[in-house]
Amino acid sequence: MKVLVTGGLGFIGSHTVVELQNKGFEVIIIDDCSNSDENVLEGIKAITGKKPLYEKIDLKEKHKVEDFFQCYQDVVGVIHFAASKAVGESVEKPLLYYENNIGTLVYILKELCKKNKASFIFSSSCTVYGQADKMPITEDAPIKVAESPYGNTKQMGEEIIADTCKVTPSLNAIALRYFNPMGAHPSGEIGELPIGVPQNLVPFITQTGIGLRDQLSVFGDDYPTPDGTCIRDYIYVVDLAKAHVIALERLLSGKNESNYEVFNVGTGTGSSVLEAIHSFEKVSGRKLNYKIVDRRPGDITTAYADTTKANKVLGWKAEYTLEEAMNYAWIWEQKIRD
Ligand code: UD1
């Protein structure tokens with residue numbers, strides 16, 4: 001069965017392509033390489049023995065999206081990762097985010113609506129909950145006003161899909177709300193490749209550990225948490241990738257309860273910034289140079305998932321701990337700096 005993975009050369013996308021190929025799916029990747037590298041195809045081949053089909057397409061070019069679906073009429077499912085994801089940049093360039101993340105989503109959905117049956121998996125984010133009132137966060141927690149255009153594109157993306165599904169019984173969709181993805185493939189063949197200075201905690205930790213950065217800034221230690229630093233739910237990227245395959249299989253086999261469903265994808269365990277640092281120090285045997293600085297504007301205090309729905313309904317559960325995921329992130333960092 002042929003599956004389109006947009007953004008399949010990216011961090012989560014590439015790990016998902018591996019899991020799809022391991023399950024026997026034939027994968028076609030669309031990526032514009034705006035934040036990824038074609039060499040990732042070799043990494044995927046090294047792991048699975050098979051290089052996926054690849055089309056370098058900018059999804060903002062509507063006619064190219066139309067041509068693609070015309071050419072590949074046997075695509076049964078789409079996993080849509082392609083999107084811009086830097087929160088700060090989205091504040092500076094809102095229209096870029098609305099065009100990249102919303103425009104392209106609309107073009108793909110329009111094509112899927114033309115099919116007799118289509119399955120669609122959407123990369124959403126726990127950012128839709130903002131600072132939730134209750135922990136752990138369940139899927140029915142209220143959606144808060146978005147803190148950034150990036151966050152808004154995830155909320156709007158979900159609404160666009162829900163509205164489209166309501167009037168399109170042939171379209172089945174699942175939105176996966178990721179908590180904080182991290183780590184790299186155990187083979188060391190694929191992993192996170194942040195361009196420039198990493199905005200996210202784990203790549204900043206590993207780059208500091210290897211000496212590429214002098215010091216990690218810990219954004220605030222005066223939060224109302226046990227050690228004063230923010231708490232997040234760090235989910236191993238291979239666990240997250242597997243959730244996509246299970247979600248797609250659910251739709252393809254018609255086991256979904258409605259034609260639009262939403263699931264949290266996290267571990268259910270919260271870890272503080274200092275705990276993440278200590279986990280790095282343990283797996284690497286190195287002391288990390290870090291300094292407590294002011295809070296980062298827009299950061300929430302705590303977010304971790306209630307994973308009951310994903311466990312029971314989807315039949316998926318995270319298997320790896322923060323420490324195991326950190327170990328793979330560290331192996332990857334050492335390999336790419338070799
Ligand atoms: C952010 C986005 C989220 C997005 C995710 C994926 C928001 C509020 N959050 O999550 O939507 O899906 O990225 O990329 O929009 N930290 C440091 N020092 C650093 C970097 C981070 O102390 O150099 C701390 C942060 O303050 C935070 C934690 O580490 O407490 C995790 O930060 P980060 O990795 O940036 O993820 P989020 O902000 O949770």
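Biologist: What covers the buried residues of helix 2?

Modeller: The cover includes helix 1 (11-22), strand 2 (26-31) and strand 3 (53-56). Helices (H or I, at least four residues) and strands (E, at least two) are DSSP runs, numbered from the N terminus. This is a predicted model, in which local features need pLDDT of at least 70, side-chain atom pairs count only at pLDDT 80 or more, and totals for chains, interfaces and linings use all residues. Residues are numbered from 1 along each chain as its sequence is written, and side-chain values use heavy atoms, with hydrogens and water left out.

Biologist: Which residues of helix 2 are buried?

Modeller: Buried means under 20% relative accessible area (1.4 Å probe, protein chains only). An α-helix has 3.6 residues a turn, so residues three or four places apart point the same way. In helix 2 (residues 40-48), the buried ones are Val40, Leu41, Gly43 and Ile44. They lie on the same side of helix 2 because they cover an arc of only 160 degrees around the axis, taken from the directions from the helix axis to the C-beta atoms.

Biologist: How do I read the backbone angles?

Modeller: Most residues other than glycine have a negative phi, and most peptide bonds are trans. Cys33, in the loop between strand 2 and helix 2, is not a glycine, yet its phi is positive, about 60 degrees. Gly49, which follows helix 2, also has a positive phi, near 80 degrees.

Biologist: Where is Pro136, and which residue does a cis peptide bond join to Pro136?

Modeller: Pro136 sits in the loop between strand 5 (118-125) and helix 6 (149-166). The cis bond joins Met135 and Pro136, with omega about -15 degrees.

Conventions: Buried < 20%, exposed > 50% of the residue type's maximum accessible area, 1.4 Å probe, protein only. Contact = heavy atoms within 4.5 Å.
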